[in-house]
Amino acid sequence: QVQLVESGGGLVQAGGSLRLSCAASGRTFSNYIMGWFRQTAGKEREFVAAISWSSGTSTWYSDSVKGRFTISRDNAKNTVYLQMNSLKPEDTAVYLCARKGLGDTIIASSYDYWGQGTQVTVSS
């Protein structure tokens, strides 16, 4: 059984920062890319960032968050983080972490396990 649990969301003013965490349990994640997506009501899940888990870390970011968000991981804790700086009201969404299966890294359908999400609200 694979479980992903997000935490760290909340309410923050524009320009502020938050750090999201995604704790993974169950099968080992050492060979999987992990990603963060976000979703607002009535819209499809939007790719935010992804990181390779094994040696030689590679990262991917959407253009909308590049330079403001940083994805990282702690292998010993089986945890992935998303540091979000210079937050904007348009960053308001439910943020979900996921484990990638087969397919394109930035496509939601490529991910086979998902957490429940954590709400991030950025006030103007």
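This is a predicted model: local features need pLDDT of at least 70, side-chain atom pairs count only at pLDDT 80 or more; totals for chains, interfaces and linings use all residues.
Visitor: Let's start with Cys22. Where does Cys22 sit, going by the strands?

Guide: Cys22 belongs to strand S3, which covers residues 18-25.

Visitor: And how do I read accessibility here: is Cys22 buried or exposed?

Guide: The general idea is a cut-off: a residue is called buried under 20% relative accessible area. Cys22 comes in at 1%, so it counts as buried.

Visitor: Which residues is Cys22 in contact with, once its neighbours within four places in sequence are set aside?

Guide: Contact is a matter of heavy atoms within 4.5 Å. For Cys22 the list is Leu4, Val5, Glu6, Trp36, Asn78, Thr79, Val80 and Cys97. Take Val80 as a case of sequence versus space: Val80 is 58 residues from Cys22 along the chain, yet their C-alpha atoms are 5.1 Å apart.

Visitor: On to charges. How many salt bridges does the structure hold?

Guide: The idea is to look for a side-chain nitrogen of Lys or Arg within 4 Å of a carboxyl oxygen of Asp or Glu. By that reading there are 5 salt bridges in the structure.

Visitor: I'd like to look at Arg38. What is the distance between the closest N and O atoms in its salt bridge with Glu46?

Guide: That one is 3.0 Å.

Visitor: Which residue meets Arg99 in a salt bridge?

Guide: Asp112 does, with 2.9 Å from N to O. Here too, distant parts of the chain are linked: Arg99 is in strand S9 and Asp112 in strand S10 (residues 111-114), 13 residues apart. As for accessibility, Arg99 is buried at 4%, whereas Asp112 counts as partly exposed at 38%.

Visitor: Last one. Which residues do salt bridges with shared partners join into one network?

Guide: When bridges share partners, trace them as a group. Arg38, Glu46, Arg68 and Asp91 are joined that way into one network.

How values were computed: Residues are numbered from 1 along each chain as its sequence is written. Side-chain values use heavy atoms; hydrogens and water are left out. Helices (H or I, at least four residues) and strands (E, at least two) are DSSP runs, numbered from the N terminus. Buried means under 20% relative accessible area, exposed over 50%, partly exposed in between (1.4 Å probe, protein chains only).
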